[in-house]
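Hi there,

Here is the structure I promised to pass on. Have a look at it first, and my notes follow below.

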Amino acid sequence: LKVPMREESASETVDRLKSLEANVGHCKGSQEWRTNIFVDVDDVAAMALFRAASFLLPCFGQVSGSSTSKQNALAIQRVSAQILCQAWDILETRFEALMRAIVQEMPQLRGRLKVGADVTLRRSMTPELGARQDFPGVHSDSWDGTILGMALVSTKLGTRVYPEAEFPYPIGMFLSQSRTGARDAHQLDTDALGPLRRATPGSIIVMPASVAHSQPTREDIENDVAREAPRWFCRANMRIAISDGFRHGRAKEAREERLSLALLVAEHMWG
């Protein structure tokens, strides 16, 4: 379960994220917005939308969170589409391999799969970020294997990532969360982190949600050369879902089916 991070230059995407400071009405302090998008895997035209942000934009769901006016929602969705399309470009070849494996090994899922993402955008001011300990909550977001990848982008103070961190029972967390869909974050002690990998400024990182990471530390804040500028951050959890899920009367079968799908994701997306 030690898996790679993928990082690519994303200067245009970061500029779009930074533009939210002027394009979204907000109050002082931290704010957060959420939106999502899911389409049928068998809908060829819908799947092709992931290659063009302008086409993907109308498919996003309602925006929730701070200051959700129509203008704000459109700006949030536009940036979400840009980030998701770049992340999809990184993963698309592996996703195609995953779909070939599903056709061969789980043909019963034909017509029952959706793919998409849950997207969170957050605005934080440096003083608020600075009121943290040196290792603020190093954790994994989830060990649910149906999450295809987690894309992270920020305008400054990139996420701290610890790809070699040691978790106490990774196999157990993967099996349990993949069966049920429970996405329980797991906090780590500082002696289990392993080497730090810093995000390259102006980049996008795509990695499994099980990789240990944290927000900026006090040291990062003290070295921030643009303390007055807010930090805009986006996380997109891309995932595949069985649309009929836990139907009445077949919860046990549904859990095992979900786990089988997660095992294919682990093999073909991150193997």
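In what order do the seven strands of the open sheet run? The order is 1-10-6-12-4-2-3, and the pairing is antiparallel. Strands here are DSSP runs of E with at least two residues, helices are runs of H or I with at least four, and both are numbered from the N terminus; two strands pair if DSSP finds at least two bridges between them. Strand 1 (6–9) and strand 3 (64–65) are the edge strands, each pairing on one side only. Strand 3 pairs with strand 2 (residues 31–40) over two bridges, in the antiparallel sense, and Trp33 stands opposite Gly65 there.

Before going on, a word on the basis: this is a predicted model, where local features need pLDDT of at least 70 and side-chain atom pairs count only at pLDDT 80 or more, while totals for chains, interfaces and linings use all residues. Residues are numbered from 1 along each chain as its sequence is written, and side-chain values use heavy atoms, with hydrogens and water left out.

Now the helices. Helix 1 (residues 11–18) lies across strands 1, 4, 6, 10 and 12, at about 70° to strand 6. Helix 9 (residues 251–270) lies across strands 1, 4, 6, 10 and 12, at about 55° to strand 6. Axes are lines fitted to C-alpha atoms, for helices over the stretch in contact, and angles run from 0 to 180 degrees between N-to-C directions; contact means heavy atoms within 4.5 Å.

Helix 1 also packs on helix 5 (residues 70–105) at an angle of about 160°, with the axes 9 Å apart. That makes helix 1 roughly antiparallel to helix 5 (angles under 35 degrees count as roughly parallel, over 145 as roughly antiparallel, 65 to 115 as roughly perpendicular and the rest as oblique). Glu12, Thr13, Arg16 and Leu17 of helix 1 make the contact with Val79, Gln82, Ile83 and Gln86 of helix 5.

Helix 5 packs on helix 9 too, at about 140° with the axes 8 Å apart, which makes helix 5 oblique to helix 9. In this contact, residues of helix 5 including Leu91, Phe95 and Leu98 meet residues of helix 9, among them Leu261, Leu264 and Trp270.

Lastly, there are four aromatic pairs (rings of Phe, Tyr and Trp, the last by its six-membered ring, with centres within 6.5 Å; planes under 30 degrees apart count as stacked, over 60 as edge-to-face and the rest as tilted). One of them, Trp143 with Phe167, is edge-to-face, at 5.0 Å centre to centre and 80° between the planes.

Best wishes
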